[in-house]
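The sequence and model come first.

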Amino acid sequence: MKYTVITGASSGIGYETALEFAARGKNLIIVARRLDKLEGLKSAIQNINPDLDVIIRTSDLSVRDQVYTLYNSLKEYQIETWINNAGIGESSSVTDQNLDKVETMLHLNIESLTILSILFARDYYHIEGTQLINVSSALGYAIYVGSITYSASKYFVSAFTEGLAKELEQKGAKMKVKILAPAMTETEFAKSASDMKEFDYEANVPMYHTAKQMAGFMMELYNNDKVVGIVDESYNFNLRDQIYPILGV
């Protein structure tokens, strides 16, 4: 029995992506901090297909020890796809930033994603049909003043993932490594990044995608051989080869 792992599955893109994989008959391991949200997602998945196996793992991936604990707890399962979707933002000028929040963001967006990517690639690079998909951002390819630290964290995700994709390709690995780069998406992200209780996308954002639309783009990337799925400035979704220049090839 094979499984798809999705971190940050309690809401937004992760939640909707889990439903998309369930609709394709994939067993799921869903990961997030909020148990109640994961239990709600499990019920939604079983409404789609009651025959699917759904494993819940609660984990705060901004804490390094919990990253390793999560991965080690999944060694008994055969994993087909791993999606590193968990992440948070920070929308304030650098001089005004809360450093505790910035540290948490760097641990989650960079450290946990890197550790989980390396562990999964190490164990599964030679297995046909496996995929690693890391969620970055359109701001992992363009700096936005007002979210510089967040943007820089996603630059790391983009560069690391594109580089890993090329490195495994050169090794003749069977695993495919890909990157999804959303732009503004209607999720809990904006209110969390701005420390707001609520955020009205329709009133404040001229263009955005819904989480369900982004999950659809995720599936387009999953089904394609391209490395990058990115939303451009016109909010069109494009499948592309690697964007960063790769040296040493």
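E20 is buried, with a relative accessible area of 16%; buried stands for under 20% relative accessible area, exposed for over 50%, and partly exposed for what lies in between (1.4 Å probe, protein chains only). The partner of E20 is R24, and the closest N and O atoms of this salt bridge are 2.9 Å apart. R24 itself is partly exposed, at 42% relative accessibility. A salt bridge here requires a side-chain nitrogen of Lys or Arg within 4 Å of a carboxyl oxygen of Asp or Glu.

The model is predicted, so local features need pLDDT of at least 70 and side-chain atom pairs count only at pLDDT 80 or more, while totals for chains, interfaces and linings use all residues. Residues are numbered from 1 along each chain as its sequence is written, and side-chain values use heavy atoms, with hydrogens and water left out.

## Other salt bridges

The whole structure holds five salt bridges. One of them joins the side chains of R64 and E111, at 2.7 Å from N to O. Helices and strands are DSSP runs numbered from the N terminus (helices: H or I, at least four residues; strands: E, at least two). R64 is partly exposed at 44% relative accessible area, and E111 is also classed as partly exposed, at 21%.

K166 and E169 form a further salt bridge, 3.5 Å from N to O. Both residues belong to helix α5 and sit three residues apart, about one turn of the helix. K166 counts as buried at 18% relative accessibility, whereas E169 counts as exposed at 52%.

## Cavities

Rolling a probe the size of a water molecule over the atoms shows where empty space is left. On a 1 Å grid over the protein atoms alone, a cavity is a set of points where a 1.4 Å probe fits but cannot get out; a pocket is an open set with protein on both sides within 12 Å along at least five of seven lines; lining residues have an atom within 4 Å of a point. Points are joined across faces, edges and corners, and a volume is the space filled by probe spheres set on them. The count is two cavities of 30 Å³ or more.

The largest cavity has a volume of about 40 Å³. Its lining consists of K2, Q78, I79, E80, Y124, I127, E128, G129 and T130. Strand β4 (residues 78–84) gives the most to this lining, with three residues. By class the lining has three nonpolar, three polar and three charged residues; Ala, Val, Leu, Ile, Met, Phe, Trp, Tyr, Cys and Pro count as nonpolar, Asp, Glu, Lys and Arg as charged, and the others, Gly among them, as polar. Q78 lies in strand β4 and is partly exposed at 36% relative accessibility. Q78 and K2 are 76 residues apart in sequence, but their C-alpha atoms are 5.1 Å apart in space.

The second largest cavity holds about 40 Å³ of space. T7, L61, N84, A86, L108, S112, L113 and L116 line this cavity. Helix α4 (residues 99–124) supplies the largest share, four residues. The lining divides into five nonpolar, three polar and no charged residues.

## Second largest pocket

The second largest pocket has a volume of about 200 Å³. Of its 13 lining residues, A165, E169, K176, V177 and V227 lie nearest the centre. Two or more residues each come from α5 and β6 (176–181), and α5 gives the most, with four. The lining comprises six nonpolar, one polar and six charged residues. E169, named above for its salt bridge with K166, is among the residues nearest the centre.

## Nonpolar surface

V94, I143, V145 and I148 make a nonpolar surface patch of about 400 Å². Patches are built from residues with over 30% relative accessible area and no salt bridge, joining like charges within 9 Å and nonpolar side chains (Val, Leu, Ile, Met, Phe, Trp, Tyr) within 5 Å; accessible areas come from the Shrake-Rupley method with a 1.4 Å probe, and for residues only the protein chains shown count as cover. I148 is found in helix α5 (residues 148–170) and is partly exposed, with a relative accessible area of 38%.
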